[in-house]
Amino acid sequence: MKMFLKLAMALALVFSFAHAEAAELLNGAGATFPYPVYSAWAFDYNKVTGAQLNYQSIGSGGGIRQITERTVDFGASDAPLTPEQLGKDRLLQFPAVMGGVVPVVTIPGVKAGELKLDSNAVCNIYLGELKYWDDNTIKSLNPKVNLPHSEINVVHRSDGSGTTAIFTNYLSGVCPAWKNKVGAGTSVKWPVGIGGKGNEGVANYTKRTPNSIGYVEFAYAEQNKLAYTLLKNPAGNFVEPNFKTFEDAAATANFDPKKHFDLWLVNAPGKHAWPIAGATFILLAKEKTDSNKKVVKFFDWAFKNGDKKAKELVYVPLPKSLKDKIRAYWKANGI
Amino acid sequence: MTREQIRKTEGFIALTLSTLAAFMGLFWLVFILGDVLVHGIKALKLSLFLNDPAPPGVEGGGLRNAFVGQLLITVCATLIGVPVGVLGGTFLAEYARGRGIARIISILSDIMVSVPSIVIGTFIYAVLVRPIGHFSGWAGAVALSIIMIPVVLRTTEDMLSLVPWTLREAAFALGAPYYKVITQVVYRGAATGILTGILLSIARVAGETAPLLFTSFNNSFFSLDMKQPVASLTVTIFQYAMGPYDNWHAQAWAAAFVITVFILLLTITGRLIIRWRYK
Amino acid sequence: MPRTAKKNPVDNIFSLVTAAASFSVIILIIGILYVLLSESSLAIGKFGIWKFLSSTDWDPVKESFGALTNVYGTAFTTLLSLVIAIPVAIGIAIFVTEISPNFLKGPIGAAIELLAAIPSIIYGMWGLFTLSPIMSNHIEPFLKKIFGSVPLVGILFQGTPMGIDILTASVILSIMIIPFTASISRDSFNLTPSVVKESAYAIGATKWEVVKNVVIPYSKLGVFGGIVLSLGRALGETMAVAFVLGNNHRITTSLFDAAATITVTLANEFTEADTDIYLSSLFYLALVLFVMSFITLAIAKFFLLRAEKKYSR
């Protein structure tokens, strides 16, 4: 017993010293969509400045919840909050990077970019109305692809997610049945399918399950070598998810600082615009001025030095004009 | 067939099935352990223990933060859980011996041992994370210690009860007050038993994931600051195994290997001590 | 305190400290109940008790929540895992106590105990990487072929075998609870007085008849307690099933469907619930789970205590 007490004292002593040495640490949590790029930025930022930015991908719903509860220094969400919501919870919001959500499939014999889908097909698959891959709706879009007569295994997110918000916003925009039955949000009541946790979880389940379809952020599709599909956009063209089509979607965006940049990028009218594009947002607690300054310093650094890294990971960096708008927004809010 | 033969056949079939069942139990153990071993050793590299995690796509990351964090949380949980458990068990076996309240607490502890650990996680989130304003290593340690207390408490009670009452009487006869009798005579007599209980309780909590998810959270950097989120092996395994990257999977296997070996060693040590001391 | 002890100030303090430490268990239980109740009060107020328990809604967009899909998933996986685990566990207990040559008793007993010590996250991970592909490629298509078209039973084997479903989760759960059930059954079997067994042998009973007619009836209280205890354990298991259940908030009948248990829903959605009512509903779920497992474990304890009393007589 005495031995134990001595050990306890010694350890307590060690810890009290350890505290003093701890490096500057910022905690952020939220969207899984930008996780690869945030963690890559944080890795580089740590090398340059020594400051630690711990970003955990727990889902956009979680990002909103945890910053509302003030348990983290910043939250991240792919779903922009409305100015009313931000006002109610005393939050600030700005976009950090853009990207796109892509449907991915694992069908034996079907390669990336081979399968063409339109909004009607995607909507009916996720509604559970379209049950087989060789259904006429899909076949008529893909006369040349050899589709198996197998059931479609639908994969979706199990957690509150901005990727889901972007995806369901897209579906609600193009498909009245979806809007009435399910609606849009960070998590919804799915009519069919299995749920994976995070973009990682959906990618993992889709990869492992034959004849499946899922939706993930493009970077996840690329890194996991998942077979993405082509989509028909509102202008009537089948487009491939890539920088050009994402940028085309972003080009039509008009972010307004007065509305805290609240804007969706889905179903953009551009000729080559990818229909499921989205920006991802950072949320700050208004009264946490100290940590806000540090968070903003990090993003300022990332805006200056992080574009190349972002592109490597297949994210679309914000245009310069928007970055300037954001810097002005920080200043206006006293950060 | 005669009745005799039917009885014999029935017996033969039933006993064969039982034997098969026993070997099925062995089979699962060998299967799971073998799998963890094979995949784990393949991914075991020195860099795993020396480096901190790198972002997806960057080679050469390790899990140093998670190894140290797990150790830190477990040690802190032990520092909280063991004293409370041992003292609580002392009360039940000594001061309250034979009283109704001792019985009730003892039964409640037995139930607490099996209460879903994820519920304890939500409880700690509500009392230690949200009010304080951030996830912290301490919250994780407290959550684990709550799981630990009833285990240690019950083994201490049992072990102290095994110490012969005459031993205490001998000490009383020398004029020693009860607390001295307990700390200097009874504890000494039950020391190995209590130690075993502590070892087994550490083995029990070291593999817990659910109560850490919303308490100590996770941290992609190396940190010794228990007031901040701390990485743990188990939460990291959950994140990495669910993730899509192959090198994450490999690291998850390696981490699983280390934690399994650690826990099995603790368990085996505990069992050997019991065997050696009480049989 | 025994009469022999003298009153002593230090002794008073020490006894108070130990008393406080042991009352911490009661305080914790009350504290957990109180916190879960107060955190879920919003959801209790909005959905009531019966409506919450009987509603299959889990709709964060319309902010309408019910526990039934989660309770159903929990009950389904738990019961199925018991169905798989009980025969195996009792078989193991019979083997170890009655059949096994002495030199095998130790190793098999130890193996079972080690199986119990492996952390649940390892089971979960192993389930995802190793068991799930085996299930989806071999076992489930096989089951579907045999039972899929049988009336009534066939309902259980519909749909595409994906390996991330109720069956896989239940198999993993059953592997996890086999050790508990087996070791309690073994201990109960061992308590059968050898005089009773020997007299059964003396009148010509076979080994199996002794087990069936003497050992099992004699120890059924303890075995039953062990089974209920395993049930309590399985109810609260999180990580082993979180990997392979697929998080699906619907009532499904096929073993090849994804489902959600209370624990998995908590693990997946707790840090992520964005609205107050969502979070409150999750606390409400945690409360339901706490009460469910508390009652189950109390029942188990009741039987085990009765068994103990019976044997010690």
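At what angle do helix α5 (residues 117–129) of chain B and helix α1 (residues 9–39) of chain C pack, and how far apart are their axes? In this predicted model, the two helices pack at an angle of about 70 degrees, and their axes are 10 Å apart. Because angles of 65 to 115 degrees count as roughly perpendicular, α5(B) and α1(C) are roughly perpendicular to each other.

On the chain B side, the helix contact is made by B:Val119, B:Phe123, B:Ala126 and B:Val127. On the chain C side, α1(C) contributes C:Ile32, C:Val35, C:Leu36 and C:Glu39. By class, the residues of this contact comprise seven nonpolar, no polar and one charged.

Chain B also touches chain A, in a contact that takes 29 residues from chain B and 30 residues from chain A. Within chain B, α3 (64–95) and α8 (178–206) each supply at least two residues of the side that touches chain A.

The domain assignment of chain C gives domain 1 (4–39) and domain 2 (41–312). The C-alpha centres of these domains of chain C lie 34 Å apart. Their contact takes five residues from domain 1 of chain C and six residues from domain 2 of chain C.

The table sets out the residue classes for the sides and contact discussed above.

| Side or contact | Nonpolar | Polar | Charged |
|---|---|---|---|
| Side of chain B that touches chain A | 17 residues | 10 residues | two residues |
| Side of domain 1 of chain C that touches domain 2 of chain C | three residues | one residue | one residue |

Terms used: Residues are numbered from 1 along each chain as its sequence is written. Chains are lettered from A and ligands numbered from 1 in the order in which they are written. This is a predicted model: local features need pLDDT of at least 70, side-chain atom pairs count only at pLDDT 80 or more; totals for chains, interfaces and linings use all residues. Two residues are in contact if their C-beta atoms, placed from the backbone, lie within 7 Å. Helices (H or I, at least four residues) and strands (E, at least two) are DSSP runs, numbered from the N terminus. Ala, Val, Leu, Ile, Met, Phe, Trp, Tyr, Cys and Pro count as nonpolar, Asp, Glu, Lys and Arg as charged, and the others, Gly among them, as polar. Domain bounds come from an automatic or database domain assignment. Axes are lines fitted to C-alpha atoms, for helices over the stretch in contact, and angles run from 0 to 180 degrees between N-to-C directions. Angles under 35 degrees count as roughly parallel, over 145 as roughly antiparallel, 65 to 115 as roughly perpendicular and the rest as oblique.
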